Amino acid sequence: MEVSMTVNGRAVSADVEPRTLLVHFLRENLRLTGTHVGCETGYCGACTVHVDGKAVKSCTMLAVQAEGADVKTIESLASNGNLHPVQEGFWERHGLQCGFCTPGMIMASVALLDENNNPSEDEIRHGIEGNLCRCTGYHNIVRAVEYAGAKMRGEEPPPPDWEGGE
Amino acid sequence: MTAPSRVRPARVAGGVGDSTLRPDGIPKLEGSFEYAQDLWQEGALWGATTRSPHAHARIVAVDVSPALSIGGVHAVLTADDVPGSPTFGLEHSDQPVLASDVINYWGEPVALVAAEDRDTARRAAAAVKVRYEILEPLTDPGEADTRDEAFRRIRIRRGDQEASGPVVVEGYYETAMQDQAPLGTEAGLAVPDGQGGVDLFATSQFLHVDHEQVVASLGLSADQVRAHPTGIGGAFGSREDVNLHIHLCMLALRTGQPVKMVYDRSESFTGHVHRHPARMWYRHEANRDGTLARVEARILLDGGAYASTTPAVLANASYFAVGPYKCDSVAVDGVGTRTNNPPCGAMRGFGAVQVCFAYETQMDRLADALSMDPIELRRKNALTTGDHFATTGQIIETPLPTVEVLESLAAMPLPADSESDLLPGGSGLTTEARHVMRGIGYAIGIKNLGFSEGFDDYSQARVRLAGSGAVVETAAIEVGQGLVTVLAQIARTALGISDVTVEHVDTSRIDSAGSTSASRQTQVSGGAVLKAATTLRDRILHHHDGDDLTDQGVLRNGDVIVTMGELVADDWQETATFRHPPTTAPDEYGQGKLHADFAVAGHRAVVDVDPELGLVRVIRVDTAQDVGKALNPEAVLGQIEGGIMQGVGLAVMEELVVEEGIIRNPNFTDYLLPTILDAPDVEALLIEEDGSWGPFGAKGVGEPPTISSTAAVAAAIRAATGKAIERVPVRPQDIAL
Ligand code: FES
Ligand code: FES
């Protein structure tokens with residue numbers, strides 16, 4: 001089946017099997033391997049991308065269902081060598097270890113902050129609860145999103161936990 | 001000539017003690033970091049595995065023709081196609097590369113397929129026709145013990161076996177099978193070199209030992225196979241054993257094409273070993289003042305179908321059966337059984353986790369029986385430097401701040417009663433706040449660092465000058481823990497040069513770094529880097545008669561006498577191998593200097609429980625951990641927060657449900673992992689002291705966070721509910737009924 005969509009601002013089209021998942025289309029046809037597969041059953045969120053501005057688990061969607069859509073993956077976030085504030089937050093606040101969950105976490109967090117750039121800690125947790133991380137215990141992920149929110153509001157990010165004592 | 005007095009390297013930016021950011025962070029954030037899943041070569045085929053649907057069966061016939069006749073299939077291989085050793089194994093070569101005769105566990109590999117795309121490969125793997133004669137599986141480890149189906153038995157007898165105390169507590173405890181569940185599944189790519197050899201890029205924790213096993217089963221010489229490090233999405237023990245490694249190479253060599261394989265999540269659950277489920281019987285006898293008079297334990301770990309690391313995990317469970325306590329009369333009997341359950345092996349904490357749940361529950365019961373404060377009881381028995389280790393009798397030679405751990409933990413502030421907006425049960429919100437009971441529980445644990453029992457535990461590293469600074473070469477695997485950060489920090493501080501990068505190199509370019517396990521890489525590979533870097537600096541300074549080395553080059557009296565560019569052109573390099581202090585094999589009573597170093601950590605858990613619905617929310621887990629020296633404090637905290645989360649998982653939700661040898665929940669919908677809503681707050685105190693043999697006094701920090709966090713959460717639930725809580729994970733019915 002022929003499918004066409006915009007991925008990271010670029011028009012793409014390809015001939016795919018009707019059962020091809022969006023995540024496999026991105027990873028294998030387009031070689032955009034920043035979007036990861038952790039479960040293929042819609043549970044872990046490692047495959048989160050934006051489809052028409054909304055965070056979507058790309059293993060829960062067929063490529064053909066994205067026909068005509070505007071898809072954004074982790075590869076599109078940084079511009080001209082500048083990290084997106086959310087990427088910067090994950091970097092500055094040690095929000096990743098193995099990094100396998102990170103692209104999905106970041107895409108989910110960007111969607112959250114796009115809707116509400118001043119979320120409470122609880123709102124952050126509820127906003128990205130569909131994304132699993134096995135390494136970090138999530139603490140620094142929350143700090144990373146707080147950092148990014150502050151940046152996006154034009155404020156000074158809160159200092160890291162490990163500075164300035166307890 | 002008098003040797004110039006050398007200045008010790010000045011504090012270097014990004015050196016030891018800084019919370020340096022990860023060098024692999026930017027590519028991981030941008031999506032350009034290459035994980036094993038992402039590897040690809042033009043013309044690569046996809047591999048897939050045919051697995052047994054039975055836990056125990058005889059293979060009567062295998063017919064590969066239905067698979068071969070599918071268009072796009074290039075090869076279908078069975079046991080007959082294994083060119084070399086038909087079996088592999090980390091410690092004992094007992095596991096068939098492909099089953100030829102008997103199936104011993106559910107999901108055991110029988111055939112391999114290479115095809116032009118993933119779907120075709122999977123379809124062909126399903127099309128391989130295997131005729132089985134189903135056999136009765138042995139799935140009860142107790143019965144396996146009776147039948148003497150054992151990978152190892154351990155008998156520890158120390159001190160006066162007649163000793164006794166007036167206050168006695170006995171208990172029986174169980175822990176379930178836990179999965180490491182790294183977010184990245186098993187994956188890899190094998191590329192034939194056109195001359196009969198192969199390059200393997202696959203998920204691993206122990207490159208050189210993968211290599212050995214691959215070479216043996218391929219029947220090739222060592223130099224014909226190169227195992228390369230790849231990007232890894234977490235490990236936690238699951239990648240110590242070979243799984244798809246030999247398979248990938250067989251398919252690549254047979255087809256003459258690169259072959260790629262990625263396990264899906266359910267295959268991953270059968271494709272790697274798990275944390276051993278345990279059954280533990282305990283008897284503690286104490287004097288009226290609370291001192292331990294005698295500890296007896298019987299420990300049964302089910303190893304499942306093949307040995308993997310069961311002998312070593314059992315050793316750990318047995319040697320750490322008393323915990324960080326003094327006791328001069330000890331009897332421990334351990335057995336690691338062989339059954340038709342899924343094979344078990346390494347997972348973070350490696351045997352020390354299971355027994356900690358048991359001995360800490362015993363300590364709480366003992367405190368109860370003595371009407372004594374549980375912290376006071378622990379303090380009274382706390383093991384410290386200079387004491388005899390209760391089981392092996394060895395004298396603790398390195399710092400062991402057990403008392404400091406306990407005291408700091410008890411002194412940490414408790415949360416206010418109202419401190420939690422989230423109720424047990426999460427977004428279901430069926431819990432009413434007025435039903436919620438709060439409980440607080442303490443536990444402390446101990447574990448060995450590095451390999452024990454006389455194992456020659458070493459690591460090789462190379463430091464060379466290149467580019468505009470130095471490069472560290474190692475085969476040690478970065479699995480996300482931050483080794484790549486800390487090795488560079490060590491080299492910076494030792495060399496006095498800030499421009500240092502780490503390069504992970506393949507098995508043909510360097511000797512083994514040992515396994516990324518046993519919390520050992522910072523200490524052992526870090527030790528190798530420190531040794532190489534220190535020697536290199538000394539050699540350079542001696543050669544040029546300089547007194548300092550910096551990013552500028554060699555200095556004498558503050559002037560640059562040789563520039564870094566000139567040094568780099570001279571190709572300076574140093575290779576060093578580090579070994580930790582030797583250990584001995586146990587005698588027949590389990591006695592000897594079996595362990596090179598220890599770490600203690602303690603946890604205090606605060607939980608809210610809805611006793612009617614049986615729901616638990618872990619509010620916070622505070623911790624004090626013996627770290628020797630925190631080389632990267634923030635990375636240490638990351639290990640602590642992540643490790644605690646896995647301990648909490650085992651306490652309240654993570655369980656591989658195995659019935660008749662079959663895993664009933666091999667997916668993330670049914671095998672529950674803690675989410676961000678389950679994550680407790682963590683306050684951590686790092687206890688530093690000098691004297692460990694790790695670089696700059698560092699101790700391994702990866703495992704201690706998982707040892708006693710499970711036990712602390714269980715104790716907190718016990719405190720909230722008054723229920724016995726003798727098994728983890730705690731299920732709603734354990735609380736509500
Ligand atoms: S891979 Fe899509 S949710 Fe896990
Ligand atoms: S950093 Fe490894 S899964 Fe999140």
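Me: Is chain B compact or extended for its length, and what is its radius of gyration?
Reply: This is a predicted model. The secondary structure of chain B comes to 18 helices and 31 strands. The globule rule gives 27 Å for 737 residues, and chain B comes close to that, so it is as compact as a globular protein of that length. Its radius of gyration is 26 Å.

Me: What share of the residues of chain B count as buried?
Reply: The C-alpha trace of chain B spans about 80 × 70 × 55 Å along its principal axes. Among its contacts between residues at least 6 apart in sequence, 82% join residues at least 24 apart. Of the 737 residues, the buried share is 62%.

Me: Which element gives the most to the side of chain B that touches chain A?
Reply: In this contact, 44 residues of chain B meet 43 residues of chain A. Two elements of chain B give two or more residues to that side: helix H1 (25–30) and helix H15 (633–652). The one that gives the most, with eight residues, is H15(B).

Me: How many residues of the side of chain B that touches chain A are charged?
Reply: That side of chain B has 20 nonpolar residues and 16 polar ones. The charged residues number eight.

Me: Which strand gives the most to the side of domain 1 of chain A that touches domain 2 of chain A?
Reply: The domain assignment of chain A gives domain 1 (2–76) and domain 2 (85–152). Their contact takes 14 residues from domain 1 of chain A and eleven residues from domain 2 of chain A. On the domain 1 side, strand S3 (48–51) and strand S4 (54–57) of chain A each supply at least two residues. The most, three residues, comes from S3(A).

Me: Is Gly137(A) buried or exposed?
Reply: Gly137(A) sits in the loop between helix H4 (121–127) and helix H5 (139–152) of chain A. The cut-off for burial is 20 or more other C-beta atoms within 10 Å. Gly137(A) has 28 such neighbours, so it counts as buried.

Me: Which residues of chain B does Gly137(A) touch?
Reply: Residues up to four places away in sequence are not counted here. The contacts of Gly137(A) are then Glu641(B), Gly642(B), Ile644(B), Met645(B), Ala679(B) and Val682(B).

Methods
Residues numbered from 1 in each chain as written. Chains lettered and ligands numbered in written order. Predicted model: local features only at pLDDT ≥ 70, side-chain atom pairs only at ≥ 80, totals over all residues. Helix = DSSP H or I, 4+ residues; strand = E, 2+ residues; numbered from the N terminus. Buried ≥ 20, exposed ≤ 12 C-beta atoms within 10 Å, placed from the backbone. Contact = placed C-beta atoms within 7 Å. Rg over C-alpha atoms; globule rule 2.2 N^0.38 Å. Nonpolar A, V, L, I, M, F, W, Y, C, P; charged D, E, K, R; others polar. Domains from an automatic or database assignment.
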